[in-house]
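This briefing goes through one protein model by topic.

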Amino acid sequence: MIENNELTMNTESRLSFDEFRKEVLDDYRLACESREVSLLARKEVLTGKAKFGIFGDGKEVAQIAMAKYFKPGDFRSGYYRDQTFAFASGIATPEQFFSQMYADPDLANEPFSGGRQMNSHFATPNLGKDGNWLDLTQIKNTATDMSPTAAQMPRALGLAFASKLFRDVEVLKEFPKLSNNGNEVCFATIGDASTSEGHFWETMNAAGVLQVPLAVFVWDDGYGISVPREYQTTKDSISAALEGFRKTEDSNGFDIYNVKGWDYASMCEVFEAGIRKIRETHVPALFHVEEMTQPQGHSTSGSHERYKSKERLAWEKEFDCNYQMRQWILENALADEATLLSIEAEAKTVAQDARKNAWEKYVTPIRQQIQQILTLGQAVAALPEVDAAMVNNLLHELQVNREPLRRDVLKTASTILVYHKKIKAPAMDALKRFYEDLLSRERENYNSLLYAEGVNAVSNVPVVPAVYNEDSATVNGYEVLNKYFDQLIENNPKVFAFGEDVGKIGDVNQGFAGLQQKHGTQRIFDTGIRELTIMGQGIGMALRGLRPIAEIQYLDYLIYGLQPLSDDVACLQYRTKGIQYCPIIVRTRGHRLEGIWHSGSPMSMILGSLRGMNVCVPRNMVQAIGMYNTLLSANEPALVIESLNGYRLKERLPQNLGSFTVPLGVPETIHEGTDITIVSYGSTLRVIEEAMQTLEKLGVSCELIDIQTLLPFDTGHKIVESLKKTNRILFVDEDVPGGGTAYMFQQVMELQGGYKWLDVAPRTLSAQAHRPAYGSDGDYFSKPNVEDVIRIVMEMVEE
């Protein structure tokens, strides 16, 4: 006779086994579905329905095992082969995957980028259009993917570092929707070959120093496209190469785990224990997932049969993770052959249905556009003066196109209109309206949201003038900043400031002097000399709702941190079609000082790479503070370049230091004049002002305009209004010839129509093409000087 307690135990055991069996078979089902998606998606590229494809085949089982321990609140900073992880975690569906392959611009169908990024570039929203942060603790979050290899690593550090702050900084406890006591782990994934990038090494070193909850998964399939691992990695193993970073009882560092990418049971066991330890202790870890395969090769651009031996290909077939999982299921009697065949057949159906549904959703609105233009075009063809044969031929070509694009519709309409532009008729007017309306809608699909809109936009921050009174003190510029940052840290718990020498000594120009001692090492802190991951720290923190001020000590060294700012931050609003925000503020200093690497003004580099960020170029520190206030009242990223030689110049201290704002994109007229308009910014303004003292004695009246920001630039066209008065204009800055001055020239002459108001040819005055030479004489001959300004202005007024 079975006792009651024995019966209960047996029942519980059976339930537990049945649940385990169901979970295993569900995982195998998902692995099969993802594989079928990869196989079918490759065919869509080869048949021309999609432009390019890169897939996660061979990584399915490892990603399913990893996703088991990815919880709401966690963040992913991943690799473009993570499709199975996205399916397993619920971030994406197979249908959405295909919609992204087809570049569907409808966010309802492709919710990650609205067709702006290629497949397997996922994203989740973090901030609402109402300016409020979403409850990130209830979301399985992913920072949007990037294609540059290892680019995901720097921000992964920041995403994990934010958890450390949320756990350790008491004032952050008031934001429970941003973190659950810092329990969140950042899951970073990377291909083994990409671990050769400096981004990876800098991130791993910083994570080991900072001790942040970062889980790094290296997918190791033995190759970097066609190059075998032996040419990539010391000791032919990234975990072996990183052995010196392993954490011990008496050191920092990170844990290292080795697993086989085809061993389902082992990966589940190791990942579960490893992630739990990271979550509890904030000790980072590297999971080296070895012996993975890539059944379809690197991408649809080539074939791996060209560079893999027959032996390697045979091994990959034998150790394909899906095949190995299948064998393990059979060996452990978790299912029979018939059950697995049924799962595999259903997986094909799931993938085919996803492809079909995605394609229909993508092509239906295009077909509707075609029907509209066919009706309108036929009405045009019926007009007696129209070349009916040409119009009907164009319409026929569009009608028989099996894979039409929006551009095909627009090109057809445009061609008809161009060749018949002299014809006036209601049918022609109707076609023109259709074309213009469609062009406007599609530009909204493809050319919008480089910057934030609504309450999140800097352009909508109210202007609050600085207030002075008779008691307003006059102090050094750095003291103005110091008093401001003191108030800011005190009043805004989300603000953190960090960088090289920012903490203990209060930055090299003393803007934070004494503030670490007052506010603590968690709010204002030093970093290593690692500009790339300083930017990554700031990016990750900003993605999680904090307001980091990340410092690059000198503008010249922005180049070290430029890649994540350009590839991640600047285009983030655009490439996620406005669903993800990263309001990082990058603080630096530049322009005049001494020497090749401490006097930079590489504005053309910045303008070319940071469209999507605000670029602020204040001439003094009060102006800089107004810009900081504006930025902190919105949710857009920015680069603020303070003037290196302005920290010890005297400035009046506003009474409303923490609340006054400077509008971005609005120039300020510093001196009014009638003979010539001079346009500049930053430190160069003081050179021009000195030159103006002589010019005034020579009878020349100069109107001097400070643009204040390069991005945005003079949104109200204030400069052209000055030009209408003076009819002469000179653009001056410290960038190379054809750099920042050419940019300002184009903005005013072309976009504002300034050429209409010229009496003499407009001029530019820039620095030399070479880097600035050292010393005062080096500065004089390398950058615009007072005599240069006087000479060019006199030439212009004498023409």
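In this predicted model, the C-alpha centres of domain 1 and domain 2 are 45 Å apart. The domain assignment places domain 1 at residues 17-335 and domain 2 at 365-446. It also gives domain 3 (454-652) and domain 4 (668-798).

**Where domain 1 meets domain 2**

- Six residues of domain 1 are in contact with five residues of domain 2.
- The size of an interface is often expressed as the accessible area lost when the parts come together.
- Between domain 1 and domain 2, about 460 Å² is buried, and 41% of this lies on carbon and sulfur atoms.
- On the domain 1 side, Lys49, Pro105 and Arg116 lose the most area to domain 2, and together they make up 77% of what that side buries.
- There are zero salt bridges between domain 1 and domain 2.
- Two residue pairs, both at pLDDT 80 or more, are in polar contact between domain 1 and domain 2.
- The residues on the side of domain 1 that touches domain 2 are two nonpolar, two polar and two charged.

**Aromatic pairs**

- The model has 36 aromatic pairs.
- Phe217 and Phe287 form a stacked pair, with 4.7 Å from centre to centre and 10 degrees between the planes.
- Phe217 belongs to strand 4 (residues 214-219) and Phe287 to strand 8 (residues 285-290), so this pair ties together parts that are 70 residues apart in sequence.

**Salt bridges**

- The count of salt bridges in the model is 43.
- One of them joins Lys277 and Asp255, whose closest N and O atoms are 2.9 Å apart.

**Backbone details**

- Most residues other than glycine have a negative phi, and most peptide bonds are trans.
- Ala150 is not a glycine, yet its phi is positive, at about 75 degrees.
- Ala150 sits in the loop between strand 2 (141-142) and helix 5 (152-168).
- The peptide bond from Leu711 to Pro712 is cis, and its omega is near -5 degrees.
- Pro712 is found in the loop between strand 20 (709-711) and helix 23 (718-726).

Definitions and conventions
Residues are numbered from 1 along each chain as its sequence is written. This is a predicted model: local features need pLDDT of at least 70, side-chain atom pairs count only at pLDDT 80 or more; totals for chains, interfaces and linings use all residues. Side-chain values use heavy atoms; hydrogens and water are left out. Domain bounds come from an automatic or database domain assignment. Contact means heavy atoms within 4.5 Å. Buried area is the accessible area (1.4 Å probe) that two parts lose on being put together, summed over both. A salt bridge is a side-chain nitrogen of Lys or Arg within 4 Å of a carboxyl oxygen of Asp or Glu. A polar contact is a pair of N or O atoms within 3.5 Å; within protein, one must be able to donate a hydrogen and the other to accept it, and residues adjacent in sequence count only if both atoms are side-chain atoms. Ala, Val, Leu, Ile, Met, Phe, Trp, Tyr, Cys and Pro count as nonpolar, Asp, Glu, Lys and Arg as charged, and the others, Gly among them, as polar. Rings of Phe, Tyr and Trp (its six-membered ring) pair if their centres lie within 6.5 Å; planes under 30 degrees apart count as stacked, over 60 as edge-to-face and the rest as tilted. Helices (H or I, at least four residues) and strands (E, at least two) are DSSP runs, numbered from the N terminus.
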